[in-house]
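Subject: Structure handover and notes

Dear colleague,

I am passing on the structure below, together with my notes on its helices, strands and core. Please read the notes beside the model.

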Amino acid sequence: METVDSLSEERWRELLRVRASDPGAVRRAYATRKRRSRLLSEAGTLFLVAADHPARGALGVGGDPLAMADRRTLLRRLLIALAHPAVDGVLGTPDVIEELLLLDALHDKVVIGSMNRGGLAGADWEIDDRFTGYDARSLAEYGLDGGKMLLRLVDSDRGTVPTLHACAEAVTALAAHGLMAMVEPLPYAWAAGKLVLRKDSAALARAVTVASGLGTTSAHTWLKLPSTDDPAVLGATTLPVAVLGGVPSGDPAADLASWGRTLSHEVVRGLVVGRTLLYPPDGDVGAAVDAAAKILEAAK
């Protein structure tokens, strides 16, 4: 574990004080954030840390069902990750983004706002994933760089339909503001009362083609996809792709190797990783981020 406390007692108490006594500080922080001039790094890649899991009630990491529920710990780990020079920015819900803004951690960083978090983890209606976070208007007003949406495709669940429609409208609205629309299309199936990710190439390639065609234009659309060894999946689109970290396997070396194989494909531009980097088995966030950065650099 890192020896330097990125979120000291003094800094934490000041955040709590501002939260309670000065709500206008949030809007001021949005307005004064120094925005990066481009999405891609000088190397032509994008490396984001994701922290939008808690708003969907997905709090567990490994054997700890409440790992991401401790906000001070989550923020401390995010600050460590964002301090790494290879990390271009963050993906999060308004509460997390605003806390990082108040901690003065998002200058010159790419900031992507999470849009739909209504499909609560484990809920009967999980696939009907309502938009409960940022919308395109607020993302533009607050000077953020884009919006991310989760699109879980389940052919046997009619909850897919309103989510599909809402994502299409969000892609259109974001493009109208000139903002990135990061769509995460994942094919799922119900099995024994649980949602199971379909990892076969046919299902993944189909999800890619569905997501690519959303909205009135694809000019600003990115795809966020699982790592895959089958080039047919990534060959289904010309849109820029970011590899998602997914649920930590417990084997960081295996996760890195999997990402590296996918990163070598020509349409893949970078990584968007959350729990795997923020909650590594040995607790060393800095080392986990550094290892991922090296994999990205080597692939590109």
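This is a predicted model: local features need pLDDT of at least 70, side-chain atom pairs count only at pLDDT 80 or more; totals for chains, interfaces and linings use all residues.

Residues are numbered from 1 along each chain as its sequence is written, and side-chain values use heavy atoms, with hydrogens and water left out.

Two helices

Helices (H or I, at least four residues) and strands (E, at least two) are DSSP runs, numbered from the N terminus. Helix α11, residues 285-299, has 15 residues and spans 21 Å from its first C-alpha to its last, close to the 21 Å expected at 1.5 Å a residue; the expected span is 1.5 Å times one less than the number of residues. I call a residue buried under 20% relative accessible area, exposed over 50% and partly exposed in between, with a 1.4 Å probe and protein chains only. By that criterion Val285, Ala288, Val289, Ala292, Ala293 and Leu296 are the buried residues of α11. Seen down the axis of α11, these buried residues fall within an arc of 135°, so they line one face of the helix; the arc is that of the directions from the helix axis to the C-beta atoms. The face of α11 turned away from the buried side carries the exposed residues Lys294, Glu297 and Ala298.

With contact meaning heavy atoms within 4.5 Å, the buried residues of α11 pack against β1 (46-51), α3 (71-82), α9 (252-263), β9 (268-273) and α10 (275-278). Helix α9 has twelve residues and reaches 16 Å from its first C-alpha to its last, close to the 16 Å expected at 1.5 Å a residue. Its buried residues are Asp255, Leu256, Ser258, Trp259, Thr262 and Leu263, and they cover an arc of only 160° around the axis, which puts them on the same side of α9. The partners of these buried α9 residues are α8 (231-234), β8, β9, α10 and α11.

Parallel strands

Two strands are said to pair if DSSP finds at least two bridges between them. Strand β5, residues 180-191, pairs with β7 in the parallel sense over three bridges, and Met182 stands opposite Trp222 in β7. Strand β7, residues 221-225, is in turn joined to β8 by three bridges, again running parallel, with Val241 in β8 as the bridge partner of Leu223. Four bridges then pair β8 and β9 in the parallel sense, and there Leu271 in β9 is the bridge partner of Val243.

Five of the five residues of β7 are buried, so this strand is largely enclosed by the rest of the structure. Both of its faces are covered, with Thr221, Leu223 and Leu225 on one side and Trp222 and Lys224 on the other. Strand β8, residues 241-244, is likewise covered on both faces, with Val241 and Val243 buried on one side and Ala242 and Leu244 on the other.

Nonpolar cores

A nonpolar core is a set of buried Ala, Val, Leu, Ile, Met, Phe, Trp, Tyr and Cys residues joined through side-chain atoms within 4.5 Å. The largest has 74 residues, and those with the most contacts inside it are Phe47, Leu78, Leu100, Met149, Trp259 and Leu271. Its largest share, seven residues, comes from α3. A second, separate core of eleven residues includes Leu48, Leu91, Met180 and Met182.

Met149 is in strand β4, residues 146-153, and is buried, with a relative accessible area of 0%. Leaving out residues up to four places away in sequence, Met149 touches residues including Met115, Phe131, Cys167, Leu174 and Met182.

Pro85, in the loop between α3 and β2 (89-92), is exposed at a relative accessible area of 76%. Its C-alpha is separated by 9.4 Å from that of Asp290, 205 residues apart along the chain. Pro94, in helix α4 (residues 94-102), counts as partly exposed at 23% relative accessibility.

With best regards
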